[in-house]
Amino acid sequence: MPKITINGTELDVDDGLNVIQAAAVAGIEIPHFCYHPSLSVVAQCRQCLVEVEGVPKVLPACNTTVRDGLVVKTDTEKALEARKAAVEFTLINHPLDCPICDKGGECPLQMTTFAHGPGYSRVGGPENKKVRQKSYLSDRIMYDPNRCIMCTRCVRFTDEVTRTHELGTTGRGFRKKISVFPGKKLDNELAGNVIDICPVGALLTKNTLHEERVWYMEFTDSVCSLCSTGCNITVGVDPRKGKVSRIRPRINQEVNGHWICDKGRYDYKEIQESSRLRDPIIKNHKDYEIASWEDAVNNVGSKLSRTISSAAGPYAIAASATLTNEEMFLASKLSSLLGDCPVICGAGAEKTEKKFGLVSSDPYPNSTGSRNLMTHGNGYGTKTIIDLLLADKIKTLIVIETDLFKVVSDHEKQLLSNALEKISFLVIIDYTLTETARYAHAILPSASPYEKDGTFTNDAGRVQKIKKAIAPPGTAKPGWEVLCMIGEKIDKSLFSYNCASEVMDDISLKFPRYGEMSYDKIGAVGKVIENGMAK
């Protein structure tokens, strides 16, 4: 382990680090643009120049590897002047449009200019700057060459991470710009990451131009719910609009590194813009009417209690691996109260393929959790429920966040429709109005993954927390709370939970695989279950 000195402080650092990484260990930030920890080093922005003892010229910190006895100075007059000159050179043709740039407020160039720039410009005015035409690299990504500082992070991303090689550079001097190769499109599943790694506002999301101002937004750390990888994300909410405005990756080297796929980045809109359920709905005779939560839950609880006492089963619960661990546990607990009531959960295969090592073929975030917690299930395919329905073997059915009509083939849809019309009691717990919900006797609105707390167990056995970033619409409630309200009507002592973390505490007591698991121990990056115990 090399021992180095940075600004007079001795440090023991890991072998193979560069000076930027070593300085970060000491809490010293060295400004940089082209360097990125997950991309190759090119040392072309020259913004990370530092003095190294024994070397007459300043050196780029990103391209200087630590060695025993290395002495680095980042705060000398020579280093400061070199970085100041680099900022000035970078800004020669950079437009003065920070007030209208979507990157404003979180722009590395903006922050570096304030901290390390000369504080004045020797360029006469905007009219003396070179201007080039904006273009689109894809249907979603706009490119402004006037703001581009040619760090080539985006080019290296498509060369080294996705290996799809869509991007390159054309021209020389100030005419140099990022271009898509002829015959190619920037349409790989991870393309949106070039927006995040751009250190200026040169690459922006086309569909939200001039809509996002970072200082208005509120951010919540969470986990993506759109596949079994469980990428760590940050959910940005604009309180003025009352909705999720953006999803960005959150670094977790054990799961997704610095990246997320475009599905996780953009498909939150599909959830928000779907036909959201806002209030409980009860069917009276042939009419549907909005009800209070008290009336709706009393209705569901009383009918379930009557069917239990009269043994008017059989019952079943159809769930989906989009549920959190807490919701699955409560669904299983509810099924045990109903007697011979299988909990059948739609889930993906145990072994899945991943494109780019990130995009899973399993679309469910909690398939592993369903296999661990759905102890009363007699199968993992929702098709099992369909077969029981078509055979007239289910009289009472609770469907949680799944649409049975999406499972059956076209020629079976009419048969399923007929079966649902004959069923004695159908309860829907969901956040969208599905085709199945149109046959329900009671509809209880739940919260989407961006609107509740809970945990998912990803395909590597890592338990990770999702967090409420925004309130659900109307009077909708998180699924775990809805299940507790129903369960309390049958046996209050078994469903007396005040928050999702208390449900996880109970899971850790009853399931050895989740032993010693708690929200505090799960932390920000998750906790892996191995050999039957949390680790």
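I423 sits in the loop between α12 (413-422) and β21, where helices are DSSP runs of H or I with at least four residues and strands are runs of E with at least two, both numbered from the N terminus. At 5% relative accessibility I423 counts as buried, a word used for under 20% relative accessible area, with exposed for over 50% and partly exposed in between, using a 1.4 Å probe and protein chains only. Leaving aside neighbours within four places in sequence, I423 is in contact with L389, I394, K395, T396, L397 and H441, contact being heavy atoms within 4.5 Å. By comparison, take E353, 70 residues from I423 in sequence: the two C-alpha atoms are 39 Å apart in space.

Before going on, please keep in mind that this is a predicted model, in which local features need pLDDT of at least 70 and side-chain atom pairs count only at pLDDT 80 or more, while totals for chains, interfaces and linings use all residues. Residues are numbered from 1 along each chain as its sequence is written, and side-chain values use heavy atoms, with hydrogens and water left out.

β21 (residues 425-430) pairs in the parallel sense with β22 (residues 442-445) over four bridges, and D430 stands opposite P445 in β22; two strands are said to pair if DSSP finds at least two bridges between them. Both belong to an open sheet of seven strands with mixed pairing, in the order β15-β14-β22-β21-β20-β16-β17. Which strands stand at the edges of this sheet? They are β15 (287-290) and β17 (343-346), and because each has a single partner strand, one side of each is left without a neighbour in the sheet.

A second open sheet has three strands in the order β11-β12-β13, with antiparallel pairing. Its edge strands, β11 (218-223) and β13 (243-249), each pair on one side only. Strand β12 (residues 232-238) is joined to β13 by six bridges in the antiparallel sense, and within that pairing G236 has R246 of β13 as its bridge partner.

Finally, the chain as a whole. It has 15 helices and 26 strands, and its C-alpha trace spans about 90 × 50 × 40 Å along the principal axes. Of its 535 residues, 54% count as buried. Among contacts between residues at least 6 apart in sequence, 64% join residues at least 24 apart.
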